[in-house]
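Take a look at the model below.

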Amino acid sequence: MNWDQIEGNWQEYKGKVKQQWGKLTDDDLDRVDGKRDELVGKLQARYGYERERAERELDQFCSSC
């Protein structure tokens, strides 16, 4: 699965994203609205990840969907 599919079905995937990264709030996920770069930023802010790590985890998440 690629990110375009997740973005297009964001309402369905929000729950899975929240399960994966529990520190993200519902408000965070509403603001992200499926945009990958914004989600990377939220992961950096909430978890203290470097950008590369956040992107790597999102890639792993995409492949597991």
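A crossing is left-handed if the near helix is turned anticlockwise from the far one by less than a right angle, and right-handed if clockwise. Helices here are DSSP runs (H or I, at least four residues), numbered from the N terminus. The model is predicted: local features need pLDDT of at least 70, side-chain atom pairs count only at pLDDT 80 or more, and totals for chains, interfaces and linings use all residues. Residues are numbered from 1 along each chain as its sequence is written, and side-chain values use heavy atoms, without hydrogens and water.

Start with α4 and α5. The crossing of these two helices is right-handed. On the α4 side, the contact (heavy atoms within 4.5 Å) includes L39, V40 and L43. Among the α5 partners are A54, L58 and C62. By class, the contact of α4 with α5 has six nonpolar, one polar and five charged residues.

Now follow the chain back to D33. This residue sits in the loop between α3 (26-32) and α4 (36-47). Most residues other than glycine have a negative phi. D33 is partly exposed, at 41% relative accessible area (buried is under 20%, exposed over 50%, partly exposed in between, with a 1.4 Å probe and protein chains only).

Finally, the cysteines. How many disulfides are there? The count is zero, where a disulfide is a pair of cysteine sulfur atoms within 2.5 Å. The sulfur of C62 has its closest cysteine sulfur in C65, 6.4 Å away, so it is too far for a bond. C62 is buried at 6%, while C65 is partly exposed at 30%.

Note on methods
Nonpolar A, V, L, I, M, F, W, Y, C, P; charged D, E, K, R; others polar.
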